[in-house]
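Please walk me through this structure.

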Amino acid sequence: TWPPANSRYEPRYFAKNGELTDTAPQTNAASDTYEVDFSASSGINNRWQTIANFGNPGKEAYDIEYPDRAEQQDKLKTYTTPPLQQALEVTGHPVLTLYLASTTSDGAIHVYLEDVGPDGDVVYVTEGLLRLSRRKVSDPPYPTVVPYHSHFEADSLPLRPGTVAEVKIELFPTSYLFAAGRSIRVGLAGADADTFERIPDDRTVPMLNFFRDSQHPSHLNLPVISIDNQDLRT
């Protein structure tokens with residue numbers, strides 16, 4: 001079955017000081033500002049370019065390889081849990097519910113799920129992305145466990161600059177064990193310079209506000225698997 005029968009969704013909420021917490025926000029107004037850095041990148045050996053090059057004459061196919069993401073973290077807005085007290089298995093589709101306001105009528109959001117070590121190393125786990133004008137959630141034409149975006153022109157929803165919009169983004173499915181002592185991180189970018197076209201493409205630089213209050217509780221839903229700790233070996 002999919003999702004696995006022993007999985008459950010657990011929310012992790014955006015909080016102050018870039019924290020990711022299991023406690024829903026209680027404040028009436030809180031947000032973080034992020035100026036999109038269009039030099040942010042997931043590299044040239046990512047899932048996108050290796051697939052595009054495979055079997056393409058004149059293109060060399062590389063193994064998928066993500067370098068230490070620590071070098072990118074200053075270009076992203078990040079939210080990170082405290083070090084985990086015990087191992088946590090995530091298996092399924094993580095789903096981000098994001099409340100944001102922008103200074104532009106369109107843009108892109110790239111969401112990275114990352115594993116952060118006590119020494120600061122950052123490991124890529126999975127990702128999701130969405131053009132913000134395609135954020136409308138529609139009835140799916142097939143069974144699905146994630147928010148469905150048709151990407152039809154008729155369903156286009158330009159942003160109203162300065163107005164809060166709800167954006168639901170599914171991340172690619174994964175099965176990953178976060179070890180005890182490491183942290184879970186959500187990294188948000190407005191671009192992937194080496195892979196995707198710039199949005200908006202008129203050289204405008206969007207300023208984004210990510211909201212994290214009781215009315216706009218931005219959060220990541222993690223598909224967590226129940227683990228018997230006696231089965232874990234270091």
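Arg198 lies over the face of Phe38, 3.7 Å from the ring centre. A charge sits over a ring if NZ of Lys or CZ of Arg is within 6 Å of the ring centre and within 35 degrees of the ring normal. Arg69 lies over the face of Tyr112 in this way, at 4.2 Å from the ring centre. This is a predicted model: local features need pLDDT of at least 70, side-chain atom pairs count only at pLDDT 80 or more, and totals for chains, interfaces and linings use all residues. Residues are numbered from 1 along each chain as its sequence is written, and side-chain values use heavy atoms, with hydrogens and water left out.

Next come the aromatic pairs. Rings of Phe, Tyr and Trp (its six-membered ring) pair if their centres lie within 6.5 Å; planes under 30 degrees apart count as stacked, over 60 as edge-to-face and the rest as tilted. The count by this rule is seven aromatic pairs. Tyr66 and Tyr124 are stacked, because their ring centres are 3.6 Å apart and their planes at 5°. Tyr66 is in the loop between helix H1 (47-53) and strand E4 (77-80), and Tyr124 is in strand E8 (residues 122-131), so the pair ties together parts that are 58 residues apart in sequence. Helices (H or I, at least four residues) and strands (E, at least two) are DSSP runs, numbered from the N terminus. Both Tyr66 and Tyr124 are buried. Buried means under 20% relative accessible area, exposed over 50%, and partly exposed in between (1.4 Å probe, protein chains only). Tyr176 and Phe178 have ring centres 4.8 Å apart and planes at 65°, so this pair is edge-to-face. Phe178 is buried, at a relative accessible area of 0%. Ring pairs also link Trp48, Phe172 and Phe196 into a cluster.

Now the core. A nonpolar core is a set of buried Ala, Val, Leu, Ile, Met, Phe, Trp, Tyr and Cys residues joined through side-chain atoms within 4.5 Å. The largest one has 39 residues, and Leu98, Ile109, Leu188 and Phe210 have the most contacts inside it. Strands that each supply at least two of its residues include E5 (88-92), E6 (95-102), E7 (108-116) and E8. Contact means heavy atoms within 4.5 Å. Beyond four places in sequence, Ile109 touches residues including Leu98, Leu130, Ile169, Leu188 and Phe210.

What volume does the largest pocket have? About 460 Å³ of space lies in it. On a 1 Å grid over the protein atoms alone, a cavity is a set of points where a 1.4 Å probe fits but cannot get out, and a pocket is an open set with protein on both sides within 12 Å along at least five of seven lines; lining residues have an atom within 4 Å of a point. Grid points are joined across faces, edges and corners, and a volume is the space filled by probe spheres set on the points. Of the 29 residues lining the largest pocket, Trp48, Leu129, Leu130, Arg131 and His151 are closest to its centre. E8 gives the most to this lining, with five residues. The largest cavity has a volume of about 40 Å³. Its lining includes Val36, Phe38, Ile199 and Leu208.

Last, the backbone. His151 has a positive phi of about 65° although it is not a glycine. His151 is partly exposed, at 43% relative accessible area. The peptide bond from Ile199 to Pro200 is cis, with omega near -5°.
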